[in-house]
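Visitor: Hi, I'd like a quick tour of this one. Could you show it to me first?

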Amino acid sequence: MSMRGFMILLAVFFGAYDAAKAAPHGLVTDISRDIVNLRYDFSGTDLLLFGAISGAVDREEPLDLVISVLGPAKSMVVRRKAQVAGVWVNKQAASIPEAPGYYALTSTRPLANITDAKTLSDLGLGLANLPLSIVSSDAIEPREFRAGFVRAMEKRGLYRLDADAVTVLEGALFRTNIRLPANVPEGPFEARVVLFSNGVPVVDRALHIEVGKIGFERAVFQLAKQQPLLYGIAAVLLALLSGWAASLLSRR
Amino acid sequence: MPFYLPIAEMSLNIFLVIGLGVAVGFLSGMFGVGGGFLMTPLLIFSGVPPAVAVATGANLITASSVSGAITHWRRGGVDLKLGGVLIVGGAIGSVLGAWLFTWLEAIGQVELMISLLYVVFLGGIGGLMLWESLFALLRSRRGGAPRKRRAGRGWQHSLPFKMRFRKSRLYISVLLPLGIGAIVGVLAAILGVGGGFIMVPAMIYILGMPTNVVVGTSLLQIIFVTAIITLLHSVQTQTVDIILTLLLLVGAVGGAQLGATLGMKLKGEQLRALLALIVLGVCLRMGWDLVSVPDDLYSIMPGAL
């Protein structure tokens with residue numbers, strides 16, 4: 001018997017054995033809202049991502065969840081300041097053509113305790129595996145620019161790492177909060193829930209979230225972007241009218 | 001109470017925004033200045049992106065200059081012909097300024113340029129005002145007569161293309177008001193200011209205009225030039241936030257009333273000394289941010305290289 005044949009036999013045997021012991025794991029996931037509206041009173045929001053691990057759960061088996069939320073990508077420029085004649089001036093620059101505008105990662109335990117770096121990189125999980133390609137014509141240290149970019153995004157609350165913020169109840173029900181700050185970008189978001197069993201990814205589920213302005217804010221934004229001249233004329237007329245109204249008020 | 005601004009794409013406390021409007025309106029009512037040179041830095045200090053602060057500042061100044069211009073117009077304090085020339089100059093300057101702004105933004109130096117220009121102009125104007133008002137205060141203590149000012153009779157009269165401005169009783173080269181208008185236009189487009197703080201002294205000391213038409217005519221120019229800048233920024237940088245303009249305006253209208261009332265109770269020299277101190281304060285803060293070690297050497301913004 002060839003080695004390959006033996007492996008298949010082994011896999012079938014263990015597969016059947018596993019199935020007899022426990023049905024393969026499944027995930028049922030949902031999110032409190034899959035549409036987030038940016039209205040005048042929007043000051044950031046928390047999304048509740050929750051679900052259940054299905055299939056018989058062996059208490060001895062180490063199960064872990066890693067949940068990530070990825071926002072729409074946008075081209076960004078990173079600049080590094082240097083001192084010129086006592087003044088801090090932007091010197092070198094690099095661009096990141098497809099920088100995710102939002103990234104949140106949370107898990108049951110710190111990532112390093114769940115699985116190895118290779119698996120994480122294959123799955124594209126974790127800040128270190130974010131697709132941030134640094135493009136520059138200056139002589140720069142790309143890793144430092146990458147770190148500088150991530151730091152700036154973290155400071156804005158747009159990149160968030162929160163190990164062990166996933167709560168698991170009775171080994172089957174789980175939930176976590178995903179914080180979207182007030183400066184969250186607009187567009188499609190993808191939430192990913194990956195279940196690890198003993199460090200091996202067994203289920204990978206995706207959920208979609210749409211973040212967008214609605215109503216008046218949307219109308220204002222769209223006019224500004226799509227009909228900029230009309231928007232400018234409206235802004236000027238508004239200013240002239242309100243200035244005139246103010247002068248009527250103040251003459252009373 | 002947070003309030004989401006659709007163009008700035010951020011949330012600011014509504015009371016902070018209205019409060020800013022009140023504070024700047026109060027100062028402008030008290031001192032009779034436009035207040036743009038305070039509004040734009042204060043917006044930047046509160047976290048508004050500089051491009052939005054500048055464009056929205058210009059939009060706000062259009063509104064806040066209208067009522068002043070109407071008042072001066074009724075009093076006959078507007079020289080339409082000279083104002084027209086200043087506007088033409090301002091239009092040329094603002095197109096140049098908006099182009100410069102876009103270019104500076106592309107090379108990542110717009111914040112630096114805004115800060116540098118503010119430090120230079122606020123420092124210069126604030127220093128001069130403080131110097132002059134302190135002298136005036138000292139003189140009034142001693143009871144001496146104020147020095148007479150005379151319009152310059154020098155280089156500005158050897159320029160060609162002379163034109164008569166009846167209302168201002170002037171016969172001067174058209175290049176002078178054109179140039180002044182253009183410089184103010186460039187500054188207004190880059191800094192989000194009206195430019196009255198440059199234009200008024202220039203009109204008095206360089207053109208030799210009678211003071212009763214100076215303020216009205218400069219306000220007329222400011223309305224037109226800031227309107228053009230609002231249009232240019234709307235089209236080029238798309239950073240005019242009309243919601244922010246309206247919120248600031250609500251505060252500014254109220255603040256201006258308060259300021260005007262209180263301003264009448266203070267002496268002119270005291271007022272100028274006070275304004276000079278505020279201007280120097282803003283200047284120092286901006287200057288400090290330029291030379292102090294930044295929290296992080298790296299900064300990010302949307303765009304491409």
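Guide: Before we start, one term: UniProt positions are given here in the numbering used for this structure, and its annotations may be inferred rather than shown by experiment. Also, this is a predicted model.

Visitor: OK. Which residues of chain A does the "transmembrane region" annotation cover?
Guide: According to the unreviewed UniProt entry, the "transmembrane region" covers residues 229-249 of chain A.

Visitor: And what is the chain over residues 229-249 of chain A, helix or strand?
Guide: Helix. The stretch is 100% helix and 0% strand. Its end C-alpha atoms are 30 Å apart.

Visitor: Let's switch to the two chains. How many residues of chain B are in contact with chain A?
Guide: On chain B, 45 residues are in contact, and they meet 50 residues of chain A.

Visitor: Which parts of chain B supply that side?
Guide: Several elements give at least two residues each. Among them are strand S1 (2-5), strand S2 (10-13), helix H8 (211-236) and strand S5 (298-302) of chain B.

Visitor: Which one gives the most?
Guide: H3(B), with 8 residues.

Visitor: How do the residues on that side divide into nonpolar, polar and charged?
Guide: On the side of chain B that touches chain A, 28 are nonpolar, 15 are polar and 2 are charged.

Visitor: What joins strand S5 of chain A to S5(B)?
Guide: There are 5 bridges between S5(A), residues 73-84, and S5(B). The two strands run antiparallel.

Visitor: Which residue stands opposite Arg79(A)?
Guide: That is Ser299(B), in S5(B).

Visitor: Back to H3(B). What can you tell me about Pro50(B)?
Guide: Pro50(B) lies in helix H3 of chain B. A residue counts as buried if 20 or more other C-beta atoms lie within 10 Å of its own. Pro50(B) has 22, so it is buried.

Visitor: Leaving aside its neighbours within four places in sequence, what is Pro50(B) in contact with?
Guide: Ile44(B), Val110(B), Glu111(B) and Ile114(B).

Visitor: How many residues apart in sequence are Pro50(B) and Ser115(B)?
Guide: They are 65 residues apart in sequence. In space, their C-alpha atoms are 10.0 Å apart.

Visitor: Now H8(B). How many residues does it have?
Guide: H8(B) has 26 residues. From first C-alpha to last, the helix reaches 37 Å, close to the 38 Å expected at 1.5 Å a residue.

Visitor: Why is H8(B) largely enclosed by the rest of the structure?
Guide: Because 22 of its 26 residues are buried.

Visitor: What follows H8(B)?
Guide: Gln238(B) follows, with a positive phi near 50°.

Visitor: Is Ala85(A) buried or exposed?
Guide: Exposed, because Ala85(A) has 6 C-beta neighbours inside 10 Å. Glu9(B) has 20 inside 10 Å, so Glu9(B) counts as buried.

Visitor: How does S4(A) run against S7(A), parallel or antiparallel?
Guide: Antiparallel, with 5 bridges joining S7(A) to S4(A), residues 63-70. Here Ile67(A) has Thr106(A) as its bridge partner.

Visitor: And S8(A) against S7(A), parallel or antiparallel?
Guide: Parallel, with 4 bridges joining S7(A) to S8(A), residues 159-162. Leu105(A) has Leu161(A) as its bridge partner.

Visitor: One last stop. What is the strand order in the open sheet of 4 strands?
Guide: S1-S3-S10-S9 in chain A, with antiparallel pairing. S1 (26-31) and S9 (167-169) stand at the edges with a single partner strand each, so one side of each is left without a neighbour in the sheet. On average, neighbouring strands are turned by 20° against each other, direction ignored.

Visitor: How many bridges join S1(A) to S3(A)?
Guide: There are 6, and the strands run antiparallel. In that pair, Thr29(A) stands opposite Gly51(A).

Terms used: Residues are numbered from 1 along each chain as its sequence is written. Chains are lettered from A and ligands numbered from 1 in the order in which they are written. This is a predicted model: local features need pLDDT of at least 70, side-chain atom pairs count only at pLDDT 80 or more; totals for chains, interfaces and linings use all residues. Two residues are in contact if their C-beta atoms, placed from the backbone, lie within 7 Å. Ala, Val, Leu, Ile, Met, Phe, Trp, Tyr, Cys and Pro count as nonpolar, Asp, Glu, Lys and Arg as charged, and the others, Gly among them, as polar. Two strands pair if DSSP finds at least two bridges between them. The expected span of a helix is 1.5 Å times one less than its number of residues. A residue is buried if 20 or more other C-beta atoms lie within 10 Å of its own, exposed if 12 or fewer, and partly exposed in between; C-beta atoms are placed from the backbone. Axes are lines fitted to C-alpha atoms, for helices over the stretch in contact, and angles run from 0 to 180 degrees between N-to-C directions.
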